[in-house]
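Please consult the sequence and the structure alongside the text.

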Amino acid sequence: MRWLEKLERKLDWLHFRGLFKWLAFLGAITFAASYARPLILLDLVFFKEAILSGQVWRLFSFVLIPFGSQPFTPMGVVFMFFGVSIAVLINDSLEGAWGSTRMTLYLLATWFCLAAAQFFFDLPPGVGAINAGMMFYTSVFLAFATLFPKVEFRLFFLLPVEVRILGWLAGILLLANGILHPETLLITVPALIPYGLWVLPGVIQSRKTLVNAVARRRKFTISKGPESEPFHVCEVCRRNERDPADLEFFVMPDGKEYCSEHLPKQP
């Protein structure tokens, strides 16, 4: 969208290189801190009354909850390591495709939409506590899966799966969750607004370009018409003058044509 491009140019000064991976690093610190203080998540949850009373860090800290909610076990440490590694890959890939300004604006817009949804909507208990943080990372992951669909992840460290499949699976799960639990749409829809603004228009435009290219190719092929019929065709082997062999063709008195290799014997 042109207005988004103008906005990016005006806010070019507003960029934080590597912001998403730094958030992942802070999440890993939160994960480690949860071992020493299991109730730390209560200080990170978006709580409107607490924010209005002065605990303004809750406006931002809810994006760290998905990391801190993981159990501090050996397997949890392994998954945390791979989670941070994937976050670094996503950050570097999207910044390479978009630039740090657009990447920063995308993250800020996603955070703002989620914060506004939790502030203005009366969300049921549990809907915003973890779901808001999860949707923050889901929105970024969907953008990555759309722009880099051929990247492969090792599912369970063994099975190679293209990220576009994981993206489709995430979309299906979000849709099913929205149907079964409509209240979650109060978090899901706002989180996907930046995706609809920054990612979907490019996808739609690329599909239109592909369809137009196929249509032009089909039109060109039709305009060329079928290839002309060969002038000489052997009655036996059906070869013609276009075949690579250096053949000579002869027409017999009965009107049939033969190549020099299958020329019938004269009585």
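Predicted model: local features only at pLDDT ≥ 70, side-chain atom pairs only at ≥ 80, totals over all residues.

Arg238 is placed in the loop between helix 10 and strand 3 (249–251).

The backbone of Arg238 deserves attention as well. Its phi is positive, at about 65°, although Arg238 is not a glycine. Most residues other than glycine have a negative phi.

## Overall architecture

The protein chain contains 10 helices and 4 strands. Along the sequence, these elements follow the pattern α-α-α-α-α-α-α-α-β-β-α-α-β-β. The chain has 267 residues, of which buried residues make up 35%.

## Helix packing

Two packed helices are described by the angle between their axes and the distance between the axes. For helix 8 (residues 131–147) and helix 9 (residues 163–180), the axes come within 9 Å and cross at roughly 140°. Helix 8 and helix 9 are therefore oblique to each other, since an angle must be over 145 degrees to count as roughly antiparallel. The crossing in which helix 8 passes helix 9 is left-handed.

Helix 8 also has a crossing with helix 6. The axes of helix 6 and helix 8 come within 10 Å, at an angle of roughly 60°. That angle makes helix 6 oblique to helix 8, because the roughly perpendicular range runs from 65 to 115 degrees. The crossing of helix 6 and helix 8 is left-handed.

## Salt bridges

How many salt bridges does a search of the whole structure find? The search finds 3. One of them joins the side chains of Asp92 and Lys21, with an N to O distance of 3.7 Å. This pair links distant parts of the chain, as Asp92 belongs to helix 6 and Lys21 to helix 2 (residues 19–36), 71 residues apart. Asp92 is partly exposed, with a relative accessible area of 41%, and Lys21 is likewise partly exposed, with a value of 23%.

A salt bridge is also formed by the side chains of Arg37 and Asp43, at 2.8 Å from N to O. Arg37 has a relative accessible area of 47% and is partly exposed; Asp43, with 24%, is partly exposed too. In the salt bridge between Arg164 and Glu162, the closest N and O atoms are 2.6 Å apart. Arg164 counts as partly exposed at 37% relative accessibility. Glu162, by contrast, is buried, because its relative accessible area of 19% falls under the 20% limit.

## A nonpolar surface patch

Which residues form a nonpolar patch on the surface? The patch is made up of Met75, Val78, Phe79, Phe81 and Phe82, which together have about 490 Å² of accessible area.

Val78, one of these residues, is located in helix 6 (residues 74–98).

## Positions separated along the chain

Gly196 is located in helix 10 (residues 185–224). Is Gly196 buried or partly exposed? At 25% relative accessibility, Gly196 counts as partly exposed, because this class covers the range between the 20% and 50% limits. The C-alpha atoms of Gly196 and Ser139 are separated by 10.0 Å, and the two residues are 57 residues apart along the chain.

Ala115 is part of helix 7 (residues 100–120). With a relative accessible area of 7%, Ala115 is buried. Between the C-alpha atoms of Ala115 and Val63, the separation is 9.8 Å, for residues that stand 52 residues apart along the chain.

Conventions: Residues numbered from 1 in each chain as written. Heavy atoms only, no water. Patch = residues over 30% accessible without salt bridge, like charges linked within 9 Å, V, L, I, M, F, W, Y side chains within 5 Å. Areas by Shrake-Rupley, 256 points an atom, 1.4 Å probe, with all protein chains shown as cover. Salt bridge = Lys/Arg side-chain N within 4 Å of Asp/Glu carboxyl O. Helix = DSSP H or I, 4+ residues; strand = E, 2+ residues; numbered from the N terminus. Axes fitted to C-alpha atoms, helices over the stretch in contact; angles between N-to-C directions. Parallel < 35°, antiparallel > 145°, perpendicular 65-115°, else oblique. Left-handed = near helix turned anticlockwise from the far one by under 90°. Buried < 20%, exposed > 50% of the residue type's maximum accessible area, 1.4 Å probe, protein only.
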